[in-house]
Amino acid sequence: MITARQSRAARALLGWNQETLADKAQVSLTALKRLESASGLEVYETTRDQVRRALEGHGILLLTTDQGEGVMVVRGKIDRR
């Protein structure tokens, strides 16, 4: 599951704004804003999955450990298109 912070961090690494990620993930901008909200708004799991897949497809690796969550760009895989 992708968290709001992971989504925001991944966008920053890719240099994308919310509109770009929403387009790449084929979700509405409103749905993405809900996912990235610090308020913990409810989001469909399919929305989270589409966002995760879009980011992973552009070289983002989502990290989750017992110590927390993070993101990483896989070397040589970044695609800013």
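The model is predicted: local features need pLDDT of at least 70, side-chain atom pairs count only at pLDDT 80 or more, and totals for chains, interfaces and linings use all residues. Residues are numbered from 1 along each chain as its sequence is written, and side-chain values use heavy atoms, leaving out hydrogens and water.

**Confidence.** The pLDDT is the predictor's confidence in each residue, from 0 to 100. Its average over the protein chain is 92, and 94% of the residues score at least 70. Among the elements, H2 has the highest mean pLDDT (98) and strand E2 (residues 68-73) the lowest (93).

**Overall fold.** The protein chain has four helices and two strands, in the order α-α-α-α-β-β along the sequence. Its radius of gyration is 12 Å, close to the 12 Å that the globule rule gives for 81 residues, so the chain is as compact as a globular protein of that length. That radius is taken over C-alpha atoms, and the rule is 2.2 Å times the number of residues to the power 0.38. Helices (H or I, at least four residues) and strands (E, at least two) are DSSP runs, numbered from the N terminus.

Of the 81 residues, 37% are buried. Buried means under 20% relative accessible area, exposed over 50%, and partly exposed in between (1.4 Å probe, protein chains only).

**Helix H4.** The twelve residues of H4 (residues 45-56) should span 16 Å at 1.5 Å a residue, and the end C-alpha atoms are 16 Å apart, which agrees. The expected span is 1.5 Å times one less than the number of residues. Thr 47, Arg 48, Val 51, Ala 54 and Leu 55 are the buried residues here. They lie on the same side of H4, because they cover an arc of only 130° around the axis. The arc is that of the directions from the helix axis to the C-beta atoms. Their cover includes helix H1 (4-14), helix H2 (18-25), helix H3 (29-36) and strand E1 (60-65).

| Residue | Relative accessibility | State |
|---|---|---|
| Thr 47 | 9% | buried |
| His 58 | 14% | buried |
| Gln 26 | 68% | exposed |

Leaving aside neighbours within four places in sequence, Thr 47 is in contact (heavy atoms within 4.5 Å) with Val 27, Ala 31 and Leu 35. His 58 lies in the loop between H4 and E1, and its side chain reaches the backbone oxygen of Ala 54 at 3.0 Å. Gln 26 sits in the loop between H2 and H3; its phi is near 55°, a positive value in a residue other than glycine.

Note on methods. A polar contact is a pair of N or O atoms within 3.5 Å; within protein, one must be able to donate a hydrogen and the other to accept it, and residues adjacent in sequence count only if both atoms are side-chain atoms.
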